[in-house]
Amino acid sequence: MDGNVIELRNVRKEFVTAKHYPGWSGAVKGLFSGEKEKKVAVDDISFGIKEGEIVGYIGSNGAGKSTTIKMMSGILTPTSGSCMVNGLEPYRNRKKNAKNIGVVFGQRTQLWWDLPLSETYTVLKEIYGVSDGDYAERMNFFEDVLELGEFMHNTVRTLSLGQRMRADLAAALLHNPKVLFLDEPTIGLDVVVKDRIRLAIREINETYHTTVILTTHDLNDIEELCRRIIIIDAGKKIYDSTLSQLKKDYGFRCSITFEWKDMPDEAQTRMLRDMGGNIGYRESDKGAKVYFSKKEISVAQVIGKVMGIVEVKDIQIKETELTDIVKDIYQNSAGMGV
Amino acid sequence: MTRFFRIYWTFASNQIKSNFVYKGRFYLFIIRKFLGMFIYYYLWMAVYAGTSSGSIGGFTRGEMVLYVFLSYTVSDIVMVGISSEIGKDVLDGSVALNLVKPVNYRLYLTFQSLGVMIYRVVVPSVFIWIGLEIYKVTELGMPVIRPLSLLCFLVSMLLSFFVYVFFDYCFGMLAFVTTYIFGMNIMKNAALNLLSGKLAPVSFFPPVIQEIFSFLPFTAMTYVPVMIYLGKYPGAEVLGQLGKQAFWAVALYLAGSLLWKKIEKRIVVLGG
């Protein structure tokens with residue numbers, strides 16, 4: 001396909017590890033047995049990503065997200081299949097590919113631990129051959145969106161996690177890469193820092209048309225950043241579409257929480273329980289929760305029905321959240337025995 | 001070429017700076033060096049006190065003093081391990097971060113070691129050498145080292161550095177296979193202390209063993225530069241020894257490239 005910055009075709013990655021056994025006897029047994037175990041981390045994954053896209057790459061723990069990122073960044077070699085980034089095979093042209101990409105691993109840091117933060121950037125400036133002009137411009141940009149100035153001359157090991165993450169993001173972007181891989185960039189961060197990181201990612205995407213691939217467990221990241229999401233489970237791709245399509249496909253479930261003015265009597269309760277049209281009903285302390293599918297009945301109709309039966313004090317409408325949708329998809333794929 | 005040095009030199013310079021970060025470590029490091037050298041010195045002096053001839057294996061007592069301090073400082077400077085660095089990178093998975101940069105992993109490690117080497121030349125070896133030179137001239141009545149010999153010594157030491165680093169890189173590749181190489185590293189160091197001439201001059205060993213040693217790269221690590229400094233090689237042999245060092249540096253470099261090619265395909269990044 002043309003116009004794709006990243007192109008994966010039937011990529012598969014297997015790991016071979018020594019087999020371990022449980023318990024004390026197992027620990028000893030492991031010393032003598034030469035048995036190997038084959039684990040498939042990524043199983044026949046294909047997708048293409050266009051320039052300037054922000055793609056959320058999600059899946060439960062151990063689904064193979066990081067492994068895919070590592071193959072696209074040239075660290076790991078796929079067992080089979082092909083993977084192209086900017087027209088290069090990353091693992092064959094590791095150094096050349098590295099110039100085009102920026103990587104942030106949320107759980108690791110590439111900053112120089114014992115030295116002031118600014119030293120890391122001077123090293124990176126040399127490594128990537130960033131010109132003085134570009135360097136100054138980008139440092140200004142980071143100063144604006146990531147506010148690095150306040151701790152620029154602090155030793156890296158004294159930085160807080162939030163500061164470190166912001167600094168790591170800047171480090172990955174110093175050479176203005178065409179593609180940015182973010183492996184859980186908001187892990188362990190507070191709401192304010194998360195917001196700042198998201199803002200920075202969006203700003204970078206808009207200013208430089210950087211293609212961003214983002215893995216995360218925080219679905220707010222996805223909701224705020226990504227137009228497209230790819231979901232994988234147990235190494236297989238199980239969903240790939242735009243966020244709005246996902247919501248259309250799965251987001252039709254809706255719930256309304258009512259609070260009664262006066263508790264309904266027996267006849268009213270019977271009517272409420274039996275509204276028909278696949279409307280679920282669950283009583284709570286001072287009111288009830290009503291479930292339905294928007295495909296079958298509109299919100300206004302449901303409210304009208306309920307208010308026709310009993311007098312209502314308060315109403316809360318809740319659309320299905322992305323979290324619920326994704327939970328659904330994970331569970332369905334497990335249920336289908338994939 | 002200048003760009004190459006500008007890139008990799010930053011690794012060396014940052015490494016030097018890192019070595020000054022922890023004050024306690026800085027001073028303890030120096031104290032430990034002196035402690036090690038003097039234990040070693042008194043040990044050998046006890047050995048010499050027990051001999052009547054005053055010379056062992058072609059070394060007089062005075063030369064042995066020089067040998068002890070020289071071999072200790074030289075091996076300290078030259079043997080800056082990178083396998084432990086590789087081991088750490090593999091074990092905690094941080095090798096991933098080194099592989100996503102447009103940088104050659106081996107050169108990155110080599111220049112980091114170069115930084116440590118430069119640091120160790122200054123802290124405190126160069127002062128020990130000056131002290132030794134004064135001791136040599138005043139106490140032993142030997143002439144001051146000739147500029148040419150000094151040059152050969154320095155060149156030889158640089159070659160020693162490359163021989164060791166490239167050897168240690170090959171050794172470090174084991175970490176990718178076994179995951180954990182801390183124990184093997186200790187074993188390697190013990191073996192090298194003996195094989196490289198750090199513990200005792202190679203000329204102390206039986207001729208057969210010396211013969212075997214001459215086919216191995218280990219004497220090119222410590223023994224050769226020290227012997228050059230002591231003037232134990234007659235004229236032309238110095239060049240031969242330097243050539244041998246250069247040969248081992250190149251051979252081990254090529255071996256390392258080969259090993260990396262084999263291992264690159266099976267890299268596993270630990271820790272998610």
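Entry 1: I began with strand β3 (residues 54-58) of chain A, which pairs with strand β8 (residues 228-233) of chain A in the parallel sense over 4 bridges. For my own reference, strands (E, at least two residues) and helices (H or I, at least four) are DSSP runs numbered from the N terminus, and two strands count as paired if DSSP finds at least two bridges between them. Looking up one bridge, I found that Val55(A) has Arg228(A) as its partner in β8(A).

I must note that this is a predicted model, in which local features need pLDDT of at least 70 and side-chain atom pairs count only at pLDDT 80 or more, while totals for chains, interfaces and linings use all residues. Residues are numbered from 1 along each chain as its sequence is written, chains are lettered from A and ligands numbered from 1 in the order in which they are written, and side-chain values use heavy atoms, with hydrogens and water left out.

**Entry 2: the sheet around them.** I then followed the order β5-β6-β7-β3-β8-β9 in chain A, which is an open sheet of 6 strands with mixed pairing. At its edges I found β5 and β9 (236-242) of chain A, each with a single partner strand, so one side of each has no neighbour in the sheet. Neighbouring strands here are turned by 15 degrees against each other on average, direction ignored; axes are lines fitted to C-alpha atoms, for helices over the stretch in contact, and angles run from 0 to 180 degrees between N-to-C directions.

Helix α9 (residues 243-250) of chain A lies across β8 and β9 of chain A and runs at about 105 degrees to β9(A).

**Entry 3: the sheet of 3 strands.** In chain A I looked up another open sheet, with 3 strands in the order β2-β1-β4 and antiparallel pairing. Here β2 and β4 of chain A stand at the edges with a single partner strand each, so one side of each is left without a neighbour in the sheet.

I counted through the pairs next: β1(A) and strand β2 (residues 36-50) of chain A share 11 bridges in the antiparallel sense, and Leu8(A) has Phe47(A) as its bridge partner in β2(A). β1(A) also pairs with strand β4 (residues 80-85) of chain A, antiparallel over 5 bridges, where Ile6(A) stands opposite Val85(A). Across β1, β2 and β4 of chain A lies α2(A), running at about 115 degrees to β1(A).

**Entry 4: where chain A meets chain B.** How many residues does each chain give to the contact? I noted 28 residues from chain A and 33 residues from chain B. The buried area (accessible area, 1.4 Å probe, lost by two parts on being put together and summed over both) is about 2900 Å², of which carbon and sulfur atoms give 57%.

Between the chains there are 2 salt bridges, each being a side-chain nitrogen of Lys or Arg within 4 Å of a carboxyl oxygen of Asp or Glu. One salt bridge joins the side chains of Glu119(A) and Lys17(B) (2.9 Å, N to O). Another joins Arg6(B) and Glu126(A) (3.2 Å, N to O), crossing from helix α1 (residues 2-19) of chain B to helix α4 of chain A.

**Entry 5: two backbone details.** I recalled that most residues other than glycine have a negative phi, and most peptide bonds are trans. Glu184(A), although not a glycine, has a positive phi of about 50 degrees, and lies in the loop between β6 and α7 (191-208) of chain A. In chain B, the peptide bond from Val123(B) to Pro124(B) is cis, with omega near -15 degrees, and Pro124(B) is found in helix α6 (residues 105-138) of chain B.

Technical notes: Contact = heavy atoms within 4.5 Å.
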